[in-house]
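This briefing covers one protein chain, going from a single side chain to the overall fold. The sequence and structure come first.

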Amino acid sequence: MTLFIAKVVKEVLQQHKTSSNLCFVMPSQRACVFLKEELLNSLSNATFLPKIISIEEFIQEIAKLKLIDNTKLLFEFYSVYKEIIPKENLEEFSSFSQWATTVLHDFNEVDSYLISPNQLFTNLSDTKQLNTWFQKRKPSELAINYLRFFEYLHQIYNKFYQKLRINKVGYQGLIYREAIKNLSNYIQIKKDSHFVFVGFNALNGAEEKLVQELLQVNVASIYWDADVSFFETSNEAGHFLRKYKKEWKYYNDNPFLWINDHAFSDKNIEIIGAPKNISQIKYVGDLLSKFNNYSKTAVVLADENLLNITLNSLPKQVEKVNITMGYPLKDVPLANLFLNLFKLHLNQEKFGKIDQVEFYYKDVLNILSNSFLNKKYEKTITKFKRKINYENAVFLNVLKLKEAVGNEDDENLEEFLLIFKKTKNIYQLIDVCKTLIENLKEDLSGIEKEYLYQFYQIFQQLENLNKQYGFIKDLKTFYQFFIQLLKVEKLSFKGEPLEGLQLMGMLETRTLDFENVIITSINEGVLPGGKNDFSFIPHDFKIHFGLPTYKEKDAIFSYHFQRLLWRAKNIYLLYNSENDGYGGGEKSRFLTQLEIKYPFIKSSTVSPKVKPINTNPLQIDKTPEIQQKLKEVFLKGISPSAIASYIYNPIQFYEQKILEIYDKDNVDENIAVNTMGTVIHETLKDLYSPYLNAFLSEQHIINMQKKMEILLQKQFKEHYKKGNIVSGKNKLVYEISKKQIQLFLNKELSLIKEGNALKIIAIEKELCSVIQIDGIDYPIKIKGIADRIDELNGVVRVVDYKTGKVISSDLKLTDFSEIKGNYKYTKAMQVMLYSYLFKRNYVDNKLPIESGIISFKNLNAGFLKTNFASGRGKDYEITNERIKDFMEVIKSLILEIHNSEIPFTENLNLPF
């Protein structure tokens with residue numbers, strides 16, 4: 001296989017006795033590197049290498065202008081915008097920067113294609129005005145401002161163009177226009193040189209004019225990498241080459257170099273459909289693992305957003321990788337640190353906490369969770385997190401964070417607290433970021449240090465630009481602009497381009513050839529890109545003025561796609577076969593065209609190897625150590641809720657009682673359900689405690705109603721430390737709690753007014769009893785806290801409060817044996833167990849007993865009693881016989897928990 005670059009070098013060296021006057025102009029910097037390597041291999045005698053330059057550098061050399069940085073270009077553009085646009089119509093820099101890049105792109109195309117700006121912008125303005133004339137309604141203020149913008153666009157362009165030219169800088173299109181103006185002078189200076197253009201395809205208007213001028217005066221030659229198929233009118237890949245061959249006067253007398261006839265019959269070509277991007281990249285990893293040599297292999301990512309997962313999917317045997325595309329800064333882990341830092345200070349302003357220097361706890365926790373900070377400040381951060389969760393404070397200040405460390409000597413404390421320093425302007429915040437980078441760099445290495453350096457440069461540049469222009473006046477604008485910057489800025493990889501696996505974007509393949517080629521994401525909308533045309537210039541205008549549209553862009557990628565296949569032996573073309581969203585489902589027409597033209601191409605679909613989910617429940621054997629722990633638990637006392645936990649899921653019981661693993665304490669910004677339940681319970685305890693062993697009167701309830709709100713607030717402060725209950729969701733929860741207690745007290749008052757005798761026996765009463773079970777050689781202690789025990793009209797009621805909704809069917813219990821295997825009966829089980837404990841603790845009681853629940857979400861139902869009757873009958877009394885039968889089931893359940901032959905087994909069918 002003769003490589004295109006090798007063929008060009010051989011041809012040129014044969015035609016030119018000396019190479020010192022040669023200048024090779026290439027489409028990209030990477031192509032320059034490969035050309036240089038080929039020249040070194042081809043030149044046998046010691047001699048100076050010819051000049052090798054990319055087209056961008058070549059144009060800058062002719063124009064005598066330097067390419068301006070994109071960020072600085074935006075600032076320069078806004079400065080001109082402010083000079084032209086009337087003050088009342090000016091947009092802030094934050095909103096301006098969101099659309100300015102589109103305008104700059106349009107300016108770039110207008111100049112690159114040498115379009116008359118006067119004609120285009122005048123016609124564009126007139127057309128926009130004509131459109132408004134045909135509207136029936138009067139245009140809005142927004143529409144009028146939009147029209148005015150197009151009226152000013154030509155002025156902005158002219159002013160901007162002149163300003164950049166005076167400063168000897170320019171965007172690429174401007175440099176192209178200036179290069180054409182200087183071309184005659186440049187040819188005179190370089191008349192003894194010979195320029196060789198290699199591997200170009202789609203030239204813009206300026207490039208066309210430049211190359212033709214050089215060809216006509218015989219100081220240049222150009223080598224195309226073309227195939228006979230390109231000159232078939234149906235092949236969009238040859239769109240540009242057909243045009244040049246037909247229209248350039250140079251080809252009236254000179255041959256078109258080169259038109260090849262590449263055979264496909266000897267190639268191994270496979271088209272592979274894979275569901276989702278991940279499956280494609282994983283399959284690429286599998287393909288690469290089968291290769292022995294990667295020096296002649298290229299993986300081409302049509303969707304460059306897949307770079308991250310590609311790097312993480314390469315097989316271990318790929319030791320050297322050359323990456324031609326940049327890594328987006330928005331995907332760099334360090335970006336989140338600075339974004340979270342800005343949000344920390346932004347929300348401080350949003351919540352009005354600047355003067356207090358307090359920060360929203362979620363923003364603080366986001367900062368504390370950053371992996372880069374934890375590498376250096378892990379000890380300090382752990383203490384901070386513990387303090388935040390304990391305090392339950394929604395807003396924090398530096399003093400509170402310092403309290404977390406206490407009197408301990410922490411050498412990194414002050415350095416770390418710099419993050420929370422009060423900042424008066426963006427310059428102080430940038431200083432915080434730069435200092436943070438300086439502090440972190442000693443603890444990081446490798447690519448992480450590169451991340452730091454890249455962000456340090458960005459902050460330094462933004463600081464310098466804003467000192468020069470002063471457009472970013474507040475943190476919000478800075479934050480928005482920083483996000484935009486992250487989307488376009490990339491971290492460049494440095495490596496040896498001639499060694500190892502080549503990981504490339506499609507445009508980087510220009511002039512290069514590989515033996516093994518893998519291309520991913522060959523879907524409509526990705527390759528080719530489709531009708532995504534971000535421009536203020538209408539499609540019809542582009543056609544009229546000769547500007548490129550999506551059709552020309554599709555032709556460009558069609559060319560690169562087809563050209564890449566010519567000299568490859570093994571070709572793997574992957575597409576996303578899933579029919580959903582961006583880049584999914586519709587196979588690219590490029591693949592369909594190949595399949596029609598070359599029927600021998602293999603097509604297949606692959607799917608990820610999904611390991612079957614292990615449906616076997618988790619089982620924990622009861623080892624001697626676990627049995628010892630069970631003994632400790634049951635000697636200390638087991639509660640009804642713990643037994644309910646075992647019925648729900650034995651593994652949950654094991655985790656809580658044996659391993660002592662409970663839910664982690666977190667800051668409750670919004671009041672949790674369990675917190676609300678605790679508050680209501682404790683408030684009722686405070687209200688009823690003064691009336692223990694007394695029959696309640698109407699006045700007693702009225703007194704409770706008067707004190708209720710004060711006691712409720714006291715409990716919220718106690719159980720929801722430093723939480724805000726005066727606004728937002730918490731205010732609603734507080735009002736709901738108050739309303740529920742009010743309704744409950746009203747129910748109590750109505751009960752007494754109807755002549756019922758209600759006596760409070762106990763509130764939040766701790767009850768316990770010890771039982772012996774055959775087969776267990778130590779006493780079992782059962783304990784629990786009964787929310788309320790009262791006497792109503794000569795019947796003792798054991799009451800459990802529930803803040804959730806409970807209905808009467810939840811307390812229907814006709815067969816005690818069903819308790820063991822069905823979580824549905826655990827509410828009835830719990831109140832029955834409280835009744836048993838009551839009987840054991842109040843042995844002198846001779847009154848009948850009922851048990852049940854008062855549900856605060858179902859207060860209209862009143863006291864929901866445990867019902868032992870079948871069908872629709874009613875039988876509420878808890879007799880000694882029922883207690884005996886019930887306890888036999890409880891003893892059986894406890895015996896099962898202790899049985900070493902029965903492991904703790906996960907319940908796979910958990911109830912919701």
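The side chains of Asp 513 and Arg 567 are joined by a polar contact of 3.1 Å (a pair of N or O atoms within 3.5 Å; within protein, one must be able to donate a hydrogen and the other to accept it, and residues adjacent in sequence count only if both atoms are side-chain atoms). The model is predicted: local features need pLDDT of at least 70, side-chain atom pairs count only at pLDDT 80 or more, and totals for chains, interfaces and linings use all residues. Residues are numbered from 1 along each chain as its sequence is written, and side-chain values use heavy atoms, with hydrogens and water left out.

**Asp 513**
- Asp 513 sits in the loop between β16 and β17 (strands, E of at least two residues, and helices, H or I of at least four, are DSSP runs numbered from the N terminus).
- Asp 513 counts as buried because its relative accessibility is 11% (buried is under 20% relative accessible area, exposed over 50%, partly exposed in between, with a 1.4 Å probe and protein chains only).
- A polar atom of the Asp 513 side chain lies 3.0 Å from the backbone nitrogen of Phe 4.
- Neighbours within four places in sequence aside, Asp 513 is in contact with Leu 3, Phe 4, Arg 563 and Arg 567 (contact means heavy atoms within 4.5 Å).

**Helix α11**
- Helix α11 (residues 276–289) has 14 residues and spans 21 Å from its first C-alpha to its last, close to the 20 Å expected at 1.5 Å a residue (the expected span is 1.5 Å times one less than the number of residues).
- Its buried residues are Ser 279, Gln 280, Ile 281, Tyr 283, Val 284, Gly 285, Leu 287 and Leu 288.
- The cover over these buried residues of α11 includes β9, β10, α12, β16, β17 and β18.

**Nonpolar cores**
- The largest nonpolar core has 206 residues, and those with the most contacts inside it are Phe 58, Phe 197, Phe 455, Ile 519 and Leu 573 (a core is a set of buried Ala, Val, Leu, Ile, Met, Phe, Trp, Tyr and Cys residues joined through side-chain atoms within 4.5 Å).
- A second, separate core of 57 residues includes Ala 762, Leu 813, Ile 819 and Tyr 825.

- Ile 782 lies in strand β22 (residues 780–792) and counts as buried because its relative accessibility is 0%.
- Beyond four places in sequence, the contacts of Ile 782 include Ile 638, Leu 767, Leu 833 and Met 887.
- The C-alpha atoms of Ile 782 and Thr 122 are separated by 90 Å, and the two residues are 660 residues apart along the chain.
- Met 704 lies in helix α28 (residues 698–719) and is buried at 0% relative accessibility.
- Leu 687, 17 residues from Met 704 along the chain, has its C-alpha atom 5.7 Å from that of Met 704.

**Whole chain**
- The protein chain has 31 helices and 26 strands.
- Its radius of gyration is 39 Å, well over the 29 Å that the globule rule gives for 912 residues, so the chain is more spread out than a compact globule (the radius is taken over C-alpha atoms; the rule is 2.2 Å times the number of residues to the power 0.38).
- Along the principal axes, the C-alpha atoms fill a box of roughly 125 × 70 × 65 Å.
- Buried residues make up 51% of the 912 residues.
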